[in-house]
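Hi,

Here is the structure I promised to send over.

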Amino acid sequence: MKNLSIILAALGGAAVGATLGLLFAPEKGEDTREAIRDFVKSKCPCLKKDRLEDIVDEIAAEIKK
């Protein structure tokens, strides 16, 4: 009976976690990349556009992991 309680508690916690994850999910990837791009532009205005796009893609890939 004790094992059943532990299993039910774990399943309940997983369900609550999944629900909260969906409710508080981050923005779409495109919006996130745009926000990163704007932030990097504001901190490093001397970067060329090509290099800026590379940095944004690298940061977005790391966030995705």
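**What I found**

Of the protein's 65 residues, 9% count as buried, meaning under 20% relative accessible area, with exposed being over 50% and partly exposed in between (1.4 Å probe, protein chains only). Bear in mind that this is a predicted model, where local features need pLDDT of at least 70 and side-chain atom pairs count only at pLDDT 80 or more, while totals for chains, interfaces and linings use all residues. Residues are numbered from 1 along each chain as its sequence is written, and side-chain values use heavy atoms, leaving out hydrogens and water.

The fold has 3 helices and 0 strands, in the order α-α-α along the sequence. Helices here are DSSP runs (H or I, at least four residues; strands are E, at least two), numbered from the N terminus.

The largest nonpolar core has 5 residues: Ile36, Val40, Leu52, Ile55 and Val56. By core I mean buried Ala, Val, Leu, Ile, Met, Phe, Trp, Tyr and Cys residues joined through side-chain atoms within 4.5 Å. H2 and helix H3 (49–64) each put in at least two residues, and H3 gives the largest share, with 3.

Glu30, Asp31, Glu34 and Asp38 form a negative surface patch. Glu34 sits in helix H2 (residues 29–43) and counts as partly exposed because its relative accessibility is 42%.

Cheers

Definitions and conventions
Patches are made of residues with over 30% relative accessible area and no salt bridge: like charges are joined within 9 Å, nonpolar side chains (Val, Leu, Ile, Met, Phe, Trp, Tyr) within 5 Å. Accessible areas come from the Shrake-Rupley method with a 1.4 Å probe; for residues, only the protein chains shown count as cover. A salt bridge is a side-chain nitrogen of Lys or Arg within 4 Å of a carboxyl oxygen of Asp or Glu. Lys and Arg count as positive and Asp and Glu as negative; His and the chain ends are not counted. The place of a charge is taken as NZ of Lys, CZ of Arg, CG of Asp or CD of Glu.
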